[in-house]
Amino acid sequence: MGTPTISANCLRGLIEHGFNIVAVITQADKKVGRKEIITKSPVKLVAEEYNIPVYTPIKIRLDYEFLKEINPDLILTFAYGQIVPQGVLDIPRLGCLNLHGSLLPKYRGASPIQAALFNNEEVTGVTLMEMIKQMDAGRMYAKKEVRIEKDDNATSLFNKIGDAGLELALEALPKYVDGLLEGVPQDESLVSFCGIIKPEDEKIDVNCSAKTIYGLIRGLSDNPGAYLYLDEAKIKIYKADYVSGEYSGENGEIIQADKNGLLMKCHDGAIKILELQKEGKKRMDYRSFINGNQNLLHRYFK
RNA sequence: CGCGGAGUAGAGCAGUGGUAGCUCAUCAGGCUCAUAACCUGAAAGUCGGAGUGUUCAAAUCCUCCCUCCGCAA
C-alpha cells in the first residue's frame, strides 16, 4: 500500500526482486492541476505495468472487506496517505509493516521527511515497523540511516529516503518473514510528532532565525515552496542559504541586492536568496530577479 | 466552462495607438600588476501564433488559438 513516487519505486524494486505482490492498494485517481486532469497515482501506474490488481478505496477505514478475500500473508505500507484501521491490521497472518521516513521514535506523523529538514537535522532515515492502532507507534524491526547533505531539499531527501526504504525492505523483509527480527519498542520519552503541512505553515516568518527559515525553505522545496510577500506579490523561495552575523535594519528588509547576492535580514542573521519565483512568473535565480526588479534595496519582505 | 497573472533581444523586465527601451549576459577595444571591477563601443527582437478585425498608424484596441505560472482542488 502506497501512493507517491517513492512508494512506486519501492514497489517496482520489490517486484523485480521476486516478491510476490498479490495486490496493490493506493489512493484513488485525482484531478490534478489547473486543467484538472485525472491522474493516477505513481503506485497505480507501476502496478498496472506489472498487471497487479489495484484497489483504490476512497476510505480504507470503511472499505476493506475485499482484503479478506485476497488474504495476504503480509501487508507493507509506505506513504499510503490514509490511516489503516484495526480491521485491516488483523487480516494478514504475518501482520502489517510500515516503512516510515524517519528514525523513530522521532517524527511520528505525516511529514517526517520535511520535519527533518525543518529542524536542520544532519541525519534522518527510514524505519521498518509494526503497524498498530496508534499511529507510527509500533515496535521497530529495522532502521537505515540517511545523511542529509548541505544541498539536500525535500525533493532530494524524498528520493534518498525512498531508496533507503527499498533497500531496507529488501534486506529486512525476508528476515522478518523467517521470524529472525526482534521488535524493539519505541522509547516513549523520545517521541516527537509532525503533522500534515498546511498552507499557513508554508509562510516564512521573517522574524524567525536565519537557520529556521533556511530549514523551512529546504523542507518545502521544490514542492510546494516556502513563500512570503513583497508588496502584494507572493514570492516563493526555492533555494537559499543562511548567513550568521549581525546586520542593521529590520527583519524582512532587503539589505543587499546585487550580483553578489540577494540578502534579507531576519532574526539572528540573514537569508541569502538563491532561487525564487514571483506569482505568475517562472522560477528564476536571484540575478534574473534583480535584473527585472530594480530598486529592491531597503524594501521589505513580509 | 473553478478564480487570477503572464508571454517584448540569450535571461529578467519597462513600454497601453505614432519609427522598440532598461538591467544583466555576450562580443570587440581601453584602463589596470591584475580582475568576475571600471570606461567606450558593437551585435542581437518578424513584440507567443493566426486574422482576408478596427485604424492614416497596433507591442499597444478587437476575435480565435497555443504555452507558462499563482490560488483553489
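What is the distance between a sugar or linking oxygen of RNA strand B and an N or O atom in the side chain of Gln277? Please describe the surroundings too.

Reply: The distance is 3.2 Å for Gln277. It falls under the cut-off for a polar contact, a pair of N or O atoms within 3.5 Å (within protein, one must be able to donate a hydrogen and the other to accept it, and residues adjacent in sequence count only if both atoms are side-chain atoms). This is a predicted model, where local features need pLDDT of at least 70, side-chain atom pairs count only at pLDDT 80 or more, and totals for chains, interfaces and linings use all residues. Residues are numbered from 1 along each chain as its sequence is written, chains are lettered from A and ligands numbered from 1 in the order written, and side-chain values use heavy atoms, without hydrogens and water.

Lys281 uses its backbone: an N or O atom there lies 3.2 Å from a sugar or linking oxygen of RNA strand B.

H8 has the largest share, three residues. Helices (H or I, at least four residues) and strands (E, at least two) are DSSP runs, numbered from the N terminus.

By class, the surface holds nine charged, seven polar and two nonpolar residues. Here Asp, Glu, Lys and Arg count as charged, Ala, Val, Leu, Ile, Met, Phe, Trp, Tyr, Cys and Pro as nonpolar, and the others, Gly among them, as polar.
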